[in-house]
Amino acid sequence: MKKRFMMLMSSVLAAGTLLAACGEGDEDTTPVNDGGNNNENETAEGNNEAAGDDEGFSSKMVTDTGGVDDRSFNESAWAGLTAFGEDYPEADVDYIQSNDASDYAPNLNRLAREGTDITFAIGFLMEDDIRTVAQQNEDQQFAIVDTVVMGDDDEPVSNIANITFAEHEGSFLVGVVAAMHTETNEVGFIGGVESPLIKKFENGFKAGVKYVDSDIEVNVQYAQDFNDASRGQQIADTMYAGGADIIYHAAGGTGNGLFTEAIDRARNGENVWAIGVDQDQALTEGEWDEGNVILTSMVKRVDEAVYQVSEDTMNGNFPGGEILEFGLEDDGVGIAETRDNVSDEAIEAVEDYEEMIINGEIDVPETDEEYEDFQSSL
Amino acid sequence: MTNMFKGKLFGIMIPLIAIGFGFLAGGIIMLISGNNPITGYVALIQGIFGDIYYFGETLQRMTPLIFSGLAVAFAFRTGLLNIGVEGQLIVGWFVSVLVGIVIEAPMIIHLPLAILGGALAGALWGFVPGVLKARFQVHEVIVTIMMNYIAMHVVNHFIRNYMLESGQRTAFINDSASLSSDYLSAITDFSRLHWGFLIAIAACFLMWFILWKTKKGFELRSVGYNKHASSYAGMNVNLNIILSMSVSGAFAGVGGAMVGLGTYNYANILPGFTNLGFDGIAVALLGSSTSIGIFLSAFLFGGLKEGANNMQGQAGVAPELVEIIIALIIFFVASSYLIRWIYSRVQSKKEGK
């Protein structure tokens, strides 16, 4: 019996090696004849390609574990690519979803190997993997959202475009809205995993609140998880019970628990609100029989950024090695279109502050130290 | 035909039939959801063998799965259900990376030390439920599940507060503790295949040797078959339970070390479980807790996970479908009774004719 097992095992391995060797043979041609390889891929892709340009531009993305329907930045990025594909029908857009962190590197590699003109990595979790893949595929173009990828020489890697957002500026504006709407003089902030990125949301929000009224208390708590709605609900429950009436979240899926809790309390006649993040969350969340518990959302236009970078790259202006920050000025961040629950007064204030930030009159803090300086300067 | 032969034959047939049923059901689901199952499966196979890079990644992926499968199987042979492989793997990952970063030593000392660190951490994480089971009759399933959460949050705490380097991860380990191999990477076209794969093969032999060729292994298996009889025969059942959980944890810890020292060369804040440990339960079940079976089923699971990504890219099949196929395979393995029953019905019909 054991012999038979060994036979099976060795034949599986032998078959694997043989097949793998065939694969290697194909692969050898890639660096020598890149253009040929491209064409080959395109004919394999299907007939829609054949109708258009034979050197069709392709822009594809690798999602993180949230997938393209995470109601957050993966979805937003895909919306940007879809819009790009609609405006430029000859361009090929697509995505690959990652099931867990170990998928990042193979997925990025897969797109690079297909000869994708620009490969987007959605989310800072892919930082290390995109660095390695970009260094191994120096003639390919990449972009990453939400972080800056440094090479071994402490310079941004030359074939990666770094897309970042001024989240602190957008968070400042929703902080202003929260400060003008609170009746208990206490608001809350729920963060996902504590990191420099989420700190930008926290500090911007706190700065916005305090700038309007420094007596308002801001209760901050981190769930240490981006996908734990029940934890989010628990934290929201504690905060609302403790006296906060408006809570802002920067916690991805964890934030969905905040909305559940807010709806429960609204049904019981309490006057509580939630503030969404990344997308106009009032469109998909927070609905209940008598309205919506989402006051407003801090939107991060990942779609806008992905669209712009794709367009630039197609026109031959790939911003490789550059750090792009999409702020209030570029419409990269801001408050959501849905403003039914926001008072006119607050909207006016937001517009004023927006101008002040763009003019440089207000310098919104990003880190804890900057926030302390900011607070003492008030 | 003797009964014993029948039993052994079934031992091989059931996993194979289960895999077949799993793929068949997966194909039907693809048809229902409007995909072409043949295109889908061709893309899956190409995603494993179609490129030397993918094949290297498949082997890289199966490395920790072998260890977690061995860990589950080892405890299972002693009649214990170690659901805590996930947590043992996480602490093993963390401690091996910690040793890899903090200590400076030549490779010949450093690398074994880092792996040993992972093994000890995993063993400790298995030792606790082992003691609780042996001394206080606390069910190991509950304790190990809880230990998983403790492992994840404690490790996240240490990384976040003491070792955070960039974003979500620690610094890279020193080269002298790294299992990464330029050679293996080069022959697989830059995949992350590392020396850990060979260690995993060695571990398969090690488990087989311990369980089947040593006196202790006989005792462990004996406790698994019948505690009371073993006790009556003069074996120390409690000691064997603790030993089994610790060794099982050590296997899992080394699995974590493979991920930390080989694949990533760092540890990172885990937003959730890695699932490597939980998949180990399926690997062990499908491999019917034998070394060779575990090796093959780890290859199957690693390949399915790697090929899944190609299914999306090339055939447009949702990645969730591959998860469904894996789940179906486990379902059919678990319902081996059903397969046995159907088989015997078919057999008796044939005989009837």
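**Close-up views of the predicted two-chain model**

**View 1. Helix 9 of chain B and its buried residues.** In this predicted model, helix 9 of chain B spans residues 215–225, and its buried residues are Glu219(B), Leu220(B), Ser222(B), Val223(B) and Gly224(B). These buried residues pack against four helices of chain B: helix 3 (52–77), helix 8 (196–213), helix 10 (227–232) and helix 11 (237–264).

**View 2. The loop around Asn268(B).** Asn268(B) sits in the loop that links helix 11 to helix 12 (276–286) of chain B. Is this residue buried or exposed? Asn268(B) counts as buried because 23 other C-beta atoms lie within 10 Å, and the cut-off for a buried residue is 20 or more. When neighbours within four places in sequence are left aside, Asn268(B) has contacts with Gln168(B) and Arg169(B). Ser289(B) is 21 residues from Asn268(B) along the chain, and 31 Å separates the two C-alpha atoms.

**View 3. Chain B as a whole.** Chain B has 15 helices and zero strands. Its C-alpha atoms fill a box of roughly 75 × 60 × 35 Å along the principal axes. Of the 353 residues in chain B, 55% are buried. Taking contacts in chain B between residues at least 6 apart in sequence, 80% join residues at least 24 apart. The mean pLDDT of chain B is 89, with 95% of its residues at 70 or more.

**View 4. The contact between chain A and chain B.** Chain A gives 34 residues to the contact and chain B gives 30. On the side of chain A that touches chain B, the elements that give two or more residues are helix 1 (2–32), helix 5 (104–113) and helix 6 (127–136) of chain A. Helix 1 of chain A supplies the largest share of this side, nine residues. By class, the side of chain A that touches chain B holds 13 nonpolar, 12 polar and nine charged residues. The model has an ipTM of 0.75 and a pTM of 0.77.

**View 5. The two domains of chain A.** Chain A is divided into domain 1 (57–165 + 301–332) and domain 2 (167–299 + 343–377). The C-alpha centres of domain 1 and domain 2 of chain A are 28 Å apart. How many residues of each domain are in contact with the other? In chain A, 13 residues of domain 1 are in contact with 11 residues of domain 2. Helix 4 (residues 73–87) of chain A gives three residues, the largest share of the side of domain 1 that touches domain 2. That side of domain 1 of chain A divides into four nonpolar, four polar and five charged residues.

**View 6. The annotated span of chain A.** An unreviewed UniProt entry lists residues 60–367 of chain A as "domain: ABC transporter substrate-binding protein PnrA-like". This span of chain A is 40% helix and 21% strand, and its end C-alpha atoms lie 33 Å apart.

**View 7. Confidence along chain A.** The mean pLDDT of chain A is 84, and 85% of its residues reach 70 or more. Confidence in chain A is lowest in helix 3 (residues 47–51), at a mean of 36, and highest in strand 6 (residues 186–191), at 96. The pLDDT is below 50 over residues 11–54 of chain A, a stretch with 31 contacts in the model beyond near neighbours in sequence.

Key: Residues are numbered from 1 along each chain as its sequence is written. Chains are lettered from A and ligands numbered from 1 in the order in which they are written. This is a predicted model: local features need pLDDT of at least 70, side-chain atom pairs count only at pLDDT 80 or more; totals for chains, interfaces and linings use all residues. UniProt positions are given in the numbering used here, feature names are shortened, and annotations may be inferred rather than shown by experiment. A residue is buried if 20 or more other C-beta atoms lie within 10 Å of its own, exposed if 12 or fewer, and partly exposed in between; C-beta atoms are placed from the backbone. Two residues are in contact if their C-beta atoms, placed from the backbone, lie within 7 Å. Ala, Val, Leu, Ile, Met, Phe, Trp, Tyr, Cys and Pro count as nonpolar, Asp, Glu, Lys and Arg as charged, and the others, Gly among them, as polar. pLDDT is the predictor's confidence in each residue, from 0 to 100. Domain bounds come from an automatic or database domain assignment.
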